[in-house]
Amino acid sequence: MADINLKEVTLIIGVVAACYWNSLFCGFVFDDVSAILDNKDLHPSTPLKTLFQNDFWGTPMSEERSHKSYRPLTVLTFRLNYLFSELKPMSYHLLNMIFHAVVSVIFLKVCKLFLDNRSSVIASLLFAVHPIHTEAVTGVVGRAELLSSIFFLAAFLSYTKSKGPDNSIVWTPIALTVFLVAVATLCKEQGITVVGICCVYEVFIAQGYTLPLLCTTAGQFLRGKGSIPFSMLQTLIKLIVLMFSTLLLVVIRVQVIQSQLPVFTRFDNPAAVSPTPTRQLTFNYLLPVNAWLLLNPSELCCDWTMGTIPLIESFLDIRNLATFIFFCFLGALGVFSLRYPGNSSKTVLMALCLMALPFIPASNLFFPVGFVVAERVLYVPSMGFCILVAHGWQKISNKSVLKKLSWVCLSMVILTHALKTLHRNWDWESEYTLFMSALKVNKNNAKLWNNVGHALENEKNFERALKYFLQATHVQPDDIGAHMNVGRTYKNLNRTKAAEESYMTAKSLMPQIIPGKKYAARIAPNHLNVYINLANLIRANESRLEEADQLYRQAISMRPDFKQAYISRGELLLKMNKPVKAKEAYLKALELDKNNADLWYNLAIVHIELKEPNEALKNFNHALELNPKHKLALFNSAILMQESGEVKLRPEARKRLLSYVNEEPLDANGYFNLGMLAMDDKKDTEAEMWMKKAIKLQADFRSALFNLALLYSQTAKELMALPILEELLRYYPDHIKGLILKGDILMNQKKDILGAKKCFEKILEMDPSNVQGKHNLCVVYFEEKDLLKAERCLVETLALAPHEEYIQRHLNIVRDKISSSSFVEQPVFPAGKTSGIEGDKIPTENEKEIKSKPRPIQIIKTSDNKSQSKSNKQLGKNTDKETPHKTTKEIKEIEKKRVAALKRLEEIERILNVEERSFQRADLEQPDSLTKELHFTSRLRGPCLIIHIRYNHCSWLVWMGSGMNRSQRTSRTYGPAPDWYKSITQEASMLSLHQFVSYSSDFPAWFLQRLVLLVHSSLVCAKCKLYSLMGFQNDIQKPILSSKSLWFRRGHKTSIDMFEFSLMANPRWPTLSIGIAGM
């Protein structure tokens, strides 16, 4: 055996590079999508042991839907590609091209075992350029053939060294052979067939036996006329070791697939489910079809399933002649190679073995496979074909007459094959180009029409896709998948009725449930998706939710392990407001697949619906443990952490959002929520940066625009907020909170009262009951000095929100202005403050849909709820200023005022004791004593509380002075005290007035006159009167003593007239009110 030299290696590598350089620019197409793009086993987050538990496509071998193709080492190389370049196809294609070059070089070394140097190089060159290999080399999933071939040939080369001097056995190469066979089998199943080639090599090549010699020796041994030669015994020992090792590998392989063959349908391989003799005739005819592809690779097709090759249903079919000729030719070569000794017969025999034995697993002769013809499985058999061609050329070229012609023909074959390969590579550029090229070869394959439709569907070209899907239904009317594709496309075109009809047609083609019989054994599991798709369609109609649920349950009854049915049903149950049952559905799905990150994510969504945020967060975390780059789990768990309000969770929330924007750099929601987190942490500069990024990605991002404007307004950059608000209102002219904030800035910063008025009026045009807008319009009227209009406006606003105390106070201020005889031109409302934006942050309107595997459920809660303006300060309050700490001198003055207040209260009591006459109507008309009381109060230097009640010639008094502690509070009774009096004194004892000691200004006379008139007009028809003068502090919003609560505490039905009069003309004066209850 001659060794290969550097020139030969360089030549072969150069030819491979010249033929396959353009494959580097192809993408992931056809089976690459399932094996690469959708295979989670490639991700570093997936444990390596999972590669040895799943099939080639990432499906657990234990599942019935598994393809049972166990190729973990091939998947490992995909994973290495992903580690270096993730999903960039060029690196995958480059590695395939390198592997093909390696196979071609090793094949050259194998050829030199049977051919001369020149013929070996020709065979290797023909193998390197053969167009039949484009599917195995340019298609990324063809790497299984490439890797298996490397170890296949290496195992064979190793075994050729197992024969030592004097025909002795060298065990090291045999052990290495067994190991390499196991590795080849872990790359692709056909790798195990090299054992058969080693056996043929050992018997007919290494030992030089021929079939007649073996028959003679065996006959003599059986007749007892001779013994088995020692050399033959050694050969038997080697073969037994090989066969035992092979049997062990087969047992392990059967255990891996759990003694289950993959489930294929009649659409994948029609002959496999056909009766006798159709099945046998068709399968035998496929052998010459494959041989013809090797001989004339002019019409290549990526998919030969379904109706590509019509069934042979009769012995009279003319195609049976091709089968007969093929077997005759093959038999002749076999007889020649086995009957006659010599190098030529040995070469032919090894070529036939390389052609036939590796092809047996894909031949359908012993067990059905999921295809009719597959070009990639001819990768190893083509080696035998190339050896045959090179050997035949060698025989022809040795004749001087045909030598030149043989070289011309050989050069033409290699050149045309190389050009065909180069051109064929471009077909694999995209799925559309690939399937369109296939349709040029075969128009009777509905799967090809469907795949072209899928390619157009991925480009959102639904109208053209629909034409191809409809054509698929015409080519194969009983194709369930084609009708499902038509229904889905109709749905994408919003033709719901037509979509439902197509789904119903597909459903009618499904076999009926047979009790006790496994459903999956009769149809592809993917076809069960017709129930899922139909249910997903009709559940858009709220009245048909139960019908949709019935479809999900029907799918589950057919396949209790149908995970997708549980997931889809869980979504529906959530929509039906049945979160507990939805939780049960997802838990059932998790029993089937505990390592599915999407399922844990969906379960987290259920816990959110159940108001269980802690459990939801645990499930989000579990999903991220399984898939640290699960985008939806990253996003929604971060939002959940943010909404929890726990400061300790914010760093982790920020970390997850940063991971999310790294995965989805074009999603504005990620940047927006980072901005919200920064606002929570008072990081205004960072918040501004994130908000601007969100707006840059999505110019009309409503929540980002408003919150950026709000951020500017909160950081004293109101004028910078105005252009942002203008942009917001350009996209969303009905954004009420934006109008309120804009009006606030125009009034307070720009002093543009007219502009602010337009904003508030526009709000009321859209929502006449908007309290904030109406109240702020009232403030505009006040600023315009139209007090009567402001009063009417505030009365209307108070009717809309009767419980809003700030509106009542502002109304009192306006009425005070109207009634005041000493009105001065000074602002009663704090300058530049409007009551604009109250409440919590605005929730965003940018939400994503829920989805489940293949698209997991989404519930994007983008916290666009940080939109509360802090410029909303209530009228009559000065919250920008803090009360300064009092000095020692001020404290002493306060104590003096307390002492003076006590003396004045004693004088009040003395004056009141004088009045012990009945309270008649005539007395009420001239309430001199009451006037004296109030005038006397006006002379006090500190506020006080007086409750004065007269009834049936009896008088009760409860009074307290500024700064009194509980022991100094005084109550007096003149006459028998009723039970309800005790409740008054008890409530009064809980009051505290020490905060009012700082108010020392006299009450103005005009205010007291107004107060007397109120009291006089209210006592005309009263039998019992309650007067309460109450002090208020700026930060106290409720009265110290409420006449309403006081009288209702008695349990009597009573009518109450409440008169409240507030004063803010001087910020140091307390707010006073008087309550009169008629009993």
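Which helices are included in what covers the buried residues of α13? The cover includes α12 (278-295), α14 (343-356) and α15 (381-397), where helices (H or I, at least four residues) are DSSP runs numbered from the N terminus, and buried means under 20% relative accessible area, exposed over 50% and partly exposed in between, with a 1.4 Å probe and protein chains only.

This is a predicted model, in which local features need pLDDT of at least 70 and side-chain atom pairs count only at pLDDT 80 or more, while totals for chains, interfaces and linings use all residues. Residues are numbered from 1 along each chain as its sequence is written, and side-chain values use heavy atoms, with hydrogens and water left out.

**Helix α13**

Helix α13 (residues 319-339) has 21 residues and reaches 30 Å from its first C-alpha to its last, close to the 30 Å expected at 1.5 Å a residue, the expected span being 1.5 Å times one less than the number of residues. Its buried residues are Arg 319, Asn 320, Thr 323, Phe 326, Leu 333, Gly 334 and Ser 337. They cover an arc of only 155° around the axis, and therefore lie on the same side of α13; the arc is that of the directions from the helix axis to the C-beta atoms. On the other side of α13, Phe 324 and Phe 329 are exposed.

**Nonpolar cores**

A nonpolar core is a set of buried Ala, Val, Leu, Ile, Met, Phe, Trp, Tyr and Cys residues joined through side-chain atoms within 4.5 Å. The table sets out two of them.

| Core | Residues in core | Named members |
|---|---|---|
| Largest | 243 residues | Phe 107 and Phe 156, with the most contacts inside it |
| Second, separate | 13 residues | including Ala 35, Phe 56, Val 75 and Tyr 92 |

Leaving aside neighbours within four places in sequence, Phe 156 is in contact (heavy atoms within 4.5 Å) with residues including Val 194, Ile 197, Cys 198 and Tyr 201.

**Disulfide and a buried lysine**

A search of the whole structure finds 1 disulfide, defined as a pair of cysteine sulfur atoms within 2.5 Å. Cys 778 and Cys 793 form this disulfide, with their sulfur atoms 2.0 Å apart, and the pair links helix α36 (residues 771-783) to helix α37 (residues 787-800). Both Cys 778 and Cys 793 are buried. The torsion about their S-S bond is about -80°, so the disulfide is left-handed.

Lys 742, found in helix α34 (residues 736-748), counts as buried because its relative accessibility is 14%.

Conventions: Helix = DSSP H or I, 4+ residues; strand = E, 2+ residues; numbered from the N terminus.
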